[in-house]
Structure formats: C-alpha cells, structure tokens
Amino acid sequence: MNSNWSLKEKIGQMFIIAFAGEEMNPELERAITELNVGGVILFQRNLKDAGKVRQLNRDIQRTARMHKRPPLWISIDQEGGGIAYLWEGMAISPGNMLIGAAGNAENAYDASNLMGLQLMKLGFNMNFAPDIDINNNPKNPVIGARSFGETAEMVSMFGQKSIEGYRAAGMLAVGKHFPGHGDTEFDSHLSLPKVEKNLEELERFELLPFIENIQTGMEAIMTAHIVYPKLDPDHPATLSSFFLKKLLREKYRFDGLILTDSMEMQAISKFFGREAGTVKAVQAGADIILACGRDVAAQQLMIEAVEKAVADGQISEERIDSAVGRISAFKQKWIKSQEPAEEELPEVHEKTNHDRMEQIALEGITLLFDRKGLLPLSSEASVKIISQRTYNDENYVGDRKAVVHQVFNEGRYEIHYIDGANPSVEEVVELAGSVKEEDYVLLLINERRTLDENWVNLYEEINRITGKIVIVSLWNPQIISAFPADAAAYIAAYSNTSHTISALKKLVEGRAEFRGKLPVTIPPFAEEPSKN
C-alpha cells in the first residue's frame with residue numbers, strides 16, 4: 001500500500017468494477033488512474049473475441065503501470081457449464097454437477113486447472129469459482145447444477161480439488177457463496193432470500209465446505225446476499241459483521257480476501273441501496289466490493305459513499321487500511337506479471353484441453369432410465385432433435401449458440417431449433433406435425449429453473465405420434481418432475497457446453513457407456529435403476 005495515497009485512492013483499491021466495451025476507453029482509464037480501482041470484472045459485453053480480450057487485459061495492466069498504479073485484479077465468472085462468459089474456442093468445464101455425477105474428484109482438479117491455464121494466458125488472474133454451495137433444495141432457482149451435489153462431504157472434497165487446480169494454474173480461486181446459498185427457493189439476483197437455520201445446523205451442513213476449504217488453504221471467499229434470521233435478522237451475510245467478523249475472521253481464523261457478491265443484485269440494490277449497502281459491507285468486514293454498476297459513474301458513487309462514511313466516523317480509516325493492506329499482500333502473491341503471455345491463441349486453445357473436457361463429460365452424463373430400451377439408437381433410426389437455438393439465461397445473457405447441428409451432422413439426424421427459451425404454441429403444433437410414427441426424438445432442454453408448460457405440451461403432442469422420445473436436460477436435472485411419470489427415457493447432461501453435446505452423441509449412439517450417477521435427489525419415479 002502506498003503511504004502517499006489519499007483516502008479515496010485507498011478506498012478505490014477495495015473495488016472491482018464493471019465497464020462497457022471490448023477495448024480500453026476513457027471511462028475505464030479514468031477509473032484506473034484517478035479512482036485507483038483495485039480490479040475489473042469482464043462480462044459478455046467485454047468478451048466477444050479472445051484476441052481482443054487478451055489485448056484489453058494487456059492494456060489495462062499497462063495503463064496501471066504507466067500511471068504508477070498497482071496491477072489490477074482482472075476477474076471473470078467462469079464456473080463452467082451454463083455459467084461461463086468466455087466460451088468461443090475455449091475448453092470450458094462441463095460444470096460442477098456433471099463433475100459430481102462422475103464421482104471422480106480428480107476431474108474437478110483437471111477441469112479447473114485447464115480453465116485456469118487458459119484464463120491466465122488471456123490475462124486473467126482471479127476467477128469467481130468454484131461454487132461450493134450444497135444443492136440440498138431441489139427448488140433452488142439459482143444454484144442447481146452449479147453445485148457439485150447435495151452432500152456436504154462431496155461438495156467440500158470436490159471444492160478442494162477445484163481450488164487446487166486453479167492454484168496450480170496460478171489463478172486465485174474465489175469460493176462462493178458464504179455461508180451457503182443452496183437451501184433457498186429464491187434467487188438473490190431478484191429478491192432477498194432467507195434461510196431459517198441456526199449456527200449449529202449451518203456448521204453441520206452449509207458451512208462445512210467453507211470451513212474445510214479454509215483449513216486446506218482457500219484464500220478468497222465471496223459472500224451470499226442471504227438473511228439468516230436466527231443469527232442476524234437485519235442483514236444478509238454480505239452486510240453482517242456476525243458472519244464476516246465473528247465467524248470468518250475470529251472463529252474460523254480466515255485471513256484471506258472477503259469479497260461481496262455483486263452489489264447490483266436486487267437483494268442489495270432494492271432492499272438496501274447500492275451506496276448504503278456498500279457502506280454496510282465495509283463496516284461488516286468485506287475487503288473487496290464487487291460493484292458491477294451500470295457504468296463507472298454509478299460505481300464511483302459507491303466509492304464516494306465509503307469515503308463519506310469514513311469522514312462521518314461510520315467507518316474507521318484503520319478498517320480501510322486493514323483491507324487495503326490485505327489486498328496489496330495478495331496482489332503481490334498472485335499477480336506475477338502485469339501482462340498476458342505473448343503466446344499464440346492456438347496455444348491457448350490446445351486440442352488436448354478440449355479432449356479432456358469431453359472425457360470428463362462422458363464420465364458424468366447420466367442415464368436415469370430407459371424404460372423402452374430406446375438406447376443406444378439404432379444406426380438405421382431416423383432421429384429428430386429439438387433444441388433451443390441459443391443457450392442464454394436471464395442472469396447470464398450472451399450469445400451462446402447451440403452447436404447441436406454441428407455435432408449431430410449426419411444425414412439421419414434432423415435438427416429443429418426453437419427461437420426462444422421455450423416453444424411457442426405455434427412451434428408446438430409445427431414440431432409435432434413434423435414427427436412420424438417411426439421417428440425417434442431427442443428433446444434437448446436447457447432450463448435452469450422451472451420448466452415452462454409448453455415443453456410438456458410439446459412432449460405430449462409428440463408422444464401421441466411416437467413413444468420413442470428421449471428427454472435430455474442440458475442444465476437442471478430436476479425438470480423431469482414436470483413430465484408424465486411414464487416418460488420413456490431421460491438423460492441428465494447437466495450442461496450445454498460443446499464438449500457435453502459431443503459426449504452426449506457418443507453415448508446415445510452406443511460408442512461409450514453411460515457411467516454418471518445422479519448426485520442429487522429427484523422424484524422417486526425417476527430413481528429406478530437405469531440400464532447403464
């Protein structure tokens with residue numbers, strides 16, 4: 001920490017901000033040089049071309065160096081599976097739940113290590129992963145397949161391996177969302193969830209992966225915007241000194257970085273306000289505020305709110321100095337170079353990385369049941385495949401286009417894409433009308449939350465014509481509960497990455513055997529022994 005910094009310059013180091021565009025711009029340059037922000041987070045709007053990403057990251061660090069500013073955290077939310085902002089040409093992990101379904105913790109290490117190495121070569125040094133929440137509530141709308149599974153022991157062990165993989169790649173991994181986001185039916189992006197558990201209950205379950213990962217060297221933790229009324233009825237964990245000071249710092253002796261989740265999420269912005277919420281988070285003990293505002297000007301207001309709180313005596317300057325000192329120490333440890341390597345992009349996108357991710361997907365994709373013996377598909381079978389054209393999500397909007405037509409590219413496969421997230425009434429009629437009695441149908445569904453009724457309507461209309469339907473979930477395996485109990489076949493693929501789609505093809509064609517085992521509980525009718 002520079003002893004000559006003003007109070008505002010010190011506070012700037014406590015902020016990771018978002019910005020628009022794919023190139024260095026005056027707004028971002030001002031944030032680095034004048035506000036002395038500690039880092040940036042890149043979203044899809046910044047990540048449309050890997051070559052531009054690397055140049056942008058290089059320019060960010062050069063700007064800091066030229067103006068005698070510390071190197072920046074250059075961060076990303078690249079968990080894998082459905083949560084990945086940078087995917088064009090990248091070998092993306094097929095996602096935590098698929099890895100959990102494979103039952104091999106070394107897959108968690110390899111997937112994280114390979115993603116970390118790729119991200120490092122593009123100039124990133126911090127990834128907001130792994131998610132070590134436990135998915136023990138099937139109605140959870142936000143975690144789901146982002147979790148390794150529903151048992152504390154599995155999530156803890158796989159989380160440790162993931163963090164080890166990132167560490168070996170030189171990437172600072174951020175475990176999330178402390179003290180646990182798994183047992184809620186509400187999404188903190190959109191509301192303020194509550195979990196009615198006491199500390200003893202949390203320490204036996206939700207907190208266990210965090211406690212054990214702290215003991216094995218986890219160095220950064222992201223907080224959850226969730227209220228635990230029995231422990232702090234007035235504040236979500238992000239704003240609670242009970243969770244950040246009494247538990248993390250004092251009881252669990254965590255001396256790493258405490259980062260907030262995005263302060264733009266409605267759990268904070270709607271119920272507390274961005275600026276007031278930021279002040280409360282710093283008071284509670286957060287080191288880094290993940291601002292994620294609409295623009296730099298909006299995020300500057302959060303910095304100024306903390307500055308005013310110090311001037312008014314609400315926050316001590318010692319609290320700021322403690323956080324900035326910790327940030328500086330971790331930057332010295334983790335940011336080895338201020339610029340990405342000069343390697344060619346093909347070296348970033350090595351084929352062996354893609355092969356390993358596909359192998360992990362092969363091990364995890366799960367055949368829950370095949371009641372009519374539809375699989376493997378006969379080589380003479382005529383197969384219609386129905387899928388969404390893009391695999392976007394309301395919280396992770398980008399332009400991830402389906403690759404089904406590229407993977408299932410032989411003549412016997414007929415691909416039908418729907419234009420939206422769910423089939424329209426007209427598409428239900430049209431798609432069902434295109435099916436013949438002899439056809440096999442693969443129904444590929446990318447749904448993170450609750451299934452829209454038109455998917456069930458589509459299934460029922462097709463089922464009147466042919467009973468040879470294989471339902472495939474590309475995200476939330478729980479969607480099978482929305483379908484009739486006598487559905488013929490169901491595959492949980494957990495993920496929509498290109499490697500998962502490629503692995504799925506090998507499995508349904510019988511070129512590999514299904515080996516995955518469901519790591520979460522779903523309705524009893526889907527728990528009968530599968531033929532894998």
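K506 is partly exposed, with a relative accessible area of 27%, where buried means under 20% relative accessible area, exposed over 50% and partly exposed in between, for a 1.4 Å probe and protein chains only. This is a predicted model, in which local features need pLDDT of at least 70 and side-chain atom pairs count only at pLDDT 80 or more, whereas totals for chains, interfaces and linings use all residues. Residues are numbered from 1 along each chain as its sequence is written, and side-chain values use heavy atoms, with hydrogens and water left out.

The partner of K506 in a salt bridge is E358, with the closest N and O atoms 2.6 Å apart; a salt bridge is a side-chain nitrogen of Lys or Arg within 4 Å of a carboxyl oxygen of Asp or Glu. This pair links distant parts of the chain, since E358 belongs to helix α15 (residues 351-364) and K506 to helix α19 (residues 498-508), 148 residues apart. Helices (H or I, at least four residues) and strands (E, at least two) are DSSP runs, numbered from the N terminus. E358 counts as buried, at 15% relative accessibility.

The structure holds 34 salt bridges, and the table sets out three of them.

| E358 | K506 | 2.6 Å |

E317 is partly exposed at 34% relative accessibility, while K10 is buried at 8%.

Which rings come together as aromatic pairs? A search of the whole structure finds 9 aromatic pairs, counted where rings of Phe, Tyr and Trp (its six-membered ring) have centres within 6.5 Å, with planes under 30 degrees apart stacked, over 60 edge-to-face and the rest tilted. One of them joins F178 and F243 edge-to-face, at 6.5 Å centre to centre and 85° between the planes; F178 lies in strand β6 (residues 175-178) and F243 in helix α9 (residues 241-251), 65 residues apart. F242 and F243 also form an edge-to-face pair, at 5.2 Å centre to centre and 85° between the planes. F178 and F243 are buried, and F242 is buried as well. One aromatic cluster is formed by F178, F210, Y228, F242 and F243.

Turning to the sheet, 6 strands form an open, parallel sheet in the order β5-β4-β3-β2-β1-β11, where two strands pair if DSSP finds at least two bridges between them. Strand β2 (residues 39-42) runs parallel to strand β3 (residues 73-76) and is joined to it by 4 bridges, and the bridge partner of G39 in β3 is W73.The structure holds 6 cavities of 30 Å³ or more, a cavity being a set of points on a 1 Å grid where a 1.4 Å probe fits but cannot get out.

Conventions
1 Å grid on protein atoms, 1.4 Å probe; cavity = no way out; pocket = protein on both sides within 12 Å on 5 of 7 lines; lining within 4 Å. Points joined across faces, edges and corners; volume = space filled by probe spheres on them.
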